[in-house]
Protein chains: 2
Amino acid sequence: MPLRLDSRDGDFAAAFTALVDARREADADVSRDVTAILRRVRAEGDAALADYTARFDRHDLNVSGWAVTPAECRAALESIPTELRDALQLAAARITAYHEKQKPQDSDGVDGAGVRLGARWSAVDAAGLYVPGGRAAYPSSLLMNVIPAKVAGVSRIAMVTPTPGGEINPLVLAAAQIAGIEEIWRVGGAQAVAALAYGTDRIRPVDVITGPGNAWVAEAKRQLYGVVGIDMVAGPSEIVVVADAKNDPEWIAADLLSQSEHDPTSQSILFTDDAAFADAAAAAVERQIPRLSTGAVAAASWAVNGAIILVRDWDEAMPLVDRLAPEHLELAVDDPDALFAQVRHAGSVFLGRMTPEAVGDYVAGPNHVLPTGRRARFSSGLSVLDFMKRTSFLGLDQGAVNAIGPAAVALAKAEGLPAHAASVALRLQ
Amino acid sequence: MPLRLDSRDGDFAAAFTALVDARREADADVSRDVTAILRRVRAEGDAALADYTARFDRHDLNVSGWAVTPAECRAALESIPTELRDALQLAAARITAYHEKQKPQDSDGVDGAGVRLGARWSAVDAAGLYVPGGRAAYPSSLLMNVIPAKVAGVSRIAMVTPTPGGEINPLVLAAAQIAGIEEIWRVGGAQAVAALAYGTDRIRPVDVITGPGNAWVAEAKRQLYGVVGIDMVAGPSEIVVVADAKNDPEWIAADLLSQSEHDPTSQSILFTDDAAFADAAAAAVERQIPRLSTGAVAAASWAVNGAIILVRDWDEAMPLVDRLAPEHLELAVDDPDALFAQVRHAGSVFLGRMTPEAVGDYVAGPNHVLPTGRRARFSSGLSVLDFMKRTSFLGLDQGAVNAIGPAAVALAKAEGLPAHAASVALRLQ
């Protein structure tokens with residue numbers, strides 16, 4: 001049974017705080033293992049990759065091949081049902097259209113003191129994409145990671161993915177073909193992340209690494225942050241659904257379960273102002289679970305991390321939602337915009353009763369790589385900006401140096417930096 | 001003597017690669033010490049802060065006071081020379097004006113399929129600013145860190161700074177007063193970063209921590225990345241100056257020394273197409289060093305990390321500069337825009353002979369917190385965006401669900417996520 005809270009109860013504040021502070025992330029300390037793997041790949045390069053792949057993925061890269069060929073991707077795309085090919089193509093087109101609007105503007109101008117000031121954005125040279133193998137090999141994640149890099153103008157995208165036993169999901173290859181990925185390496189784990197960051201004889205280094213992975217992959221990215229750029233520290237997925245009694249409890253139950261089915265550590269929370277609706281939604285969840293092929297995972301997640309929170313009204317609910325800073329937030333009410341105006345922290349918001357979160361996972365357009373674990377307080381979903389960087393610039397003439405130089409000289413001297421002061425003072429006239 | 005390379009020499013390629021790959025960053029492993037400090041502050045809060053402060057900064061917070069009062073900041077601002085007060089105010093005004101232009105645009109619209117799509121930016125609730133004590137307590141850094149947060153709309157800014165022996169630099173307090181900082185804690189080191197991230201009884205937690213610090217502070221930020229947002233992994237400062245023979249060698253020498261004087265690990269590199277100018281600049285550096293109060297540091301940095309690189313022409317130089325991806329890049333040539341067009345990776349660019357880098361450290365407007373150690377390949381200087389986050393949103397009606405929902409259902413089923421599929425399918429009509 002999920003947690004059930006009522007804001008009218010005396011112990012509500014403490015119980016809600018416990019919910020906010022609950023850690024769902026695994027504390028498995030893989031940091032030493034990962035450090036050792038990174039060091040060895042840096043020192044031994046491809047030989048280390050071949051050895052780790054033989055050990056963890058049980059195939060010999062020198063026999064099965066290091067790379068997936070473009071021909072394999074084309075064949076995979078042709079092999080999948082038309083309906084799926086069309087769906088992937090619709091998704092790619094819509095994700096591209098949404099991300100095109102994220103492209104930043106350059107600036108360049110001269111201010112009142114005669115100082116030319118500006119900023120110029122440019123893409124990174126190369127991006128690395130980690131795609132998990134096995135159950136979590138999602139073609140949708142591949143599109144969500146690659147398309148922002150493509151829109152940013154990244155000229156080289158290198159994908160790595162483990163192929164346990166040599167096997168690879170054809171849907172992932174089909175998505176790679178649609179996204180235009182031409183470089184795919186059959187390596188995974190921390191060793192693949194190390195190869196992307198440091199480079200090997202075969203795999204040239206990249207500048208930014210994104211994409212989901214297991215604890216080893218996540219720790220490798222964390223340790224290599226600074227050597228390369230990374231997308232974010234990701235944790236288990238979560239959803240908050242704010243729903244009134246006018247909703248169909250079956251719909252809301254399905255929405256809650258669409259997070260619960262990801263992983264036992266996922267979290268689904270329903271806020272409602274109607275006790276009867278809370279009961280109906282809870283009953284619908286229990287009815288739907290046995291019908292799901294993912295039912296065991298969904299049941300475990302819902303029982304351990306799920307919650308139903310009964311509130312007096314939305315004015316009481318929204319500050320509570322903000323404390324959770326959820327990755328996904330559905331506002332299934334009459335006037336979702338009024339509630340959205342009160343939201344300060346959320347990764348992505350789904351407005352109204354006809355907007356299930358899952359449509360955003362696939363085809364709506366916004367990115368589904370979003371901050372988890374209350375990180376929407378300070379971070380954003382993956383975007384074109386993650387694959388770009390900004391160079392500021394300025395240009396002075398004699399008049400501009402004379403106008404603002406003396407202040408720089410004064411501050412440099414006060415900070416005890418005489419060469420700073422001299423470099424400006426020499427140019428004053 | 002600094003390194004001297006000539007692109008005409010047979011071993012140039014290898015020697016330049018060695019320069020690019022040279023690590024200047026200290027490898028001091030403070031990670032275990034820092035982990036222990038973070039754990040203790042998390043567990044013991046203010047008591048741990050008081051103990052560490054007594055041990056490392058040699059004063060008793062319960063006697064000297066935990067906070068710097070607004071009255072102390074006002075008094076500091078009144079106590080400093082008018083020239084410095086004016087310079088700080090000019091700097092604050094210009095930095096504010098530059099950063100105002102970085103404020104991102106929200107978006108909201110309905111596309112051809114009837115899907116409402118948008119993104120909304122908002123400021124983080126609270127930002128923490130680390131200000132070093134002692135020699136590196138720079139009022140200019142305080143302004144560069146706080147002003148983007150203020151422009152972003154951050155409502156609470158908490159500053160921490162060690163006050164060794166109880167002492168604090170009045171210029172820093174004056175800058176805090178100008179920047180409008182009202183919360184200043186007299187704690188420093190990894191323990192101060194931990195307090196900002198986890199919160200204590202006295203210090204409420206923040207969402208983002210920025211500001212320079214020593215190896216312990218940098219490691220604390222690195223370890224807490226994900227618990228809070230951080231600005232960047234910072235390393236020693238560096239400059240590349242591209243200068244032709246029309247420059248005054250004294251000016252260029254001062255520009256090179258303005259980086260060298262920061263720290264023995266700083267790096268200054270001159271690219272020139274004229275051997276006689278290279279000699280003249282080198283001689284000017286040697287002449288200027290003895291005149292600097294920072295001469296010992298500058299001499300050490302210049303001798304160990306400095307370099308003069310003679311190239312045939314700028315077309316040869318610019319790809320080499322890109323490999324260095326310098327924090328600061330001066331283009332002291334006739335047509336700096338032509339060279340700037342060839343630059344792919346640099347933190348900040350200074351156009352023309354009248355634009356010394358140091359003017360950008362203080363009063364020009366762009367941020368002086370910039371990516372170092374070749375990180376301009378993938379990261380940007382500190383900006384308003386570091387204190388904001390983006391919430392994407394979408395809204396569908398029946399027509400929009402019918403238009404794009406079936407593709408989401410197909411993909412969800414193919415990925416083996418039946419609750420995802422059901423949450424969309426239930427709404428199809």
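Predicted model: local features only at pLDDT ≥ 70, side-chain atom pairs only at ≥ 80, totals over all residues.
## A strand pair across the chains

## The interface as a whole

That pairing belongs to the contact between chain A and chain B, to which chain B brings 117 residues and chain A brings 117 residues. The size of an interface is often given as the accessible area lost when the parts come together. Here chain B and chain A bury about 9700 Å² between them, with 59% of this area on carbon and sulfur atoms.

Polar and charged links can be counted too. Between chain B and chain A there are 63 residue pairs in polar contact, with both residues at pLDDT 80 or more. On the chain B side that touches chain A, helix α17 of chain B (residues 398-414) gives the most, with nine residues. By class, this side of chain B holds 66 nonpolar, 27 polar and 24 charged residues. The interface of the two chains also has 10 salt bridges.

## Two arginines worth a visit

Which strand holds Arg120(B)? The residue sits in strand β4 of chain B, residues 116-123. Its side chain reaches over to chain A, where the backbone oxygen of Phe340(A) lies at 2.9 Å. Leaving out residues up to four places away in sequence, Arg120(B) touches Phe340(A), Ala341(A) and Val343(A) from chain A, along with Asp106(B), Lys389(B), Arg390(B), Thr391(B) and Phe393(B) from chain B. For a sense of scale within chain B, Arg120(B) and Thr272(B) are 152 residues apart in sequence and 47 Å apart in space, C-alpha to C-alpha.

Arg353(A) lies in the loop between β14 and α16 (357-362) of chain A. Which side chains does the side chain of Arg353(A) meet in polar contacts? One is that of Asp244(A), at 2.8 Å, and another is that of Asp334(A), at 3.0 Å. Beyond neighbours within four places in sequence, the contacts of Arg353(A) include Lys246(A), Asn247(A), Trp251(A), Ala332(A) and Val333(A), and Arg427(B) from the other chain.

## Inside chain A: the domains

Chain A is divided into domain 1 (31-230), domain 2 (235-377) and domain 3 (396-425). Taken over C-alpha atoms, the centres of domain 1 and domain 2 of chain A are 30 Å apart. Where these two domains of chain A touch, 13 residues of domain 1 are in contact with 12 residues of domain 2.

Domain 1 and domain 2 of chain A bury about 1000 Å² between them, and carbon and sulfur atoms give 53% of that. The interface of these two domains has zero salt bridges, but five residue pairs in polar contact are found there, both residues at pLDDT 80 or more. On the side of domain 1 of chain A that touches domain 2, the elements giving two or more residues are α6 (82-100) and α7 (139-152) of chain A. Of the elements on that side, α6(A) gives the most, with six residues.

Terms used. Residues numbered from 1 in each chain as written. Chains lettered and ligands numbered in written order. Heavy atoms only, no water. Contact = heavy atoms within 4.5 Å. Buried area = accessible area lost by both parts, 1.4 Å probe. Salt bridge = Lys/Arg side-chain N within 4 Å of Asp/Glu carboxyl O. Polar contact = N/O pair within 3.5 Å; in protein donor to acceptor, adjacent residues only side chain to side chain. Helix = DSSP H or I, 4+ residues; strand = E, 2+ residues; numbered from the N terminus. Nonpolar A, V, L, I, M, F, W, Y, C, P; charged D, E, K, R; others polar. Domains from an automatic or database assignment.
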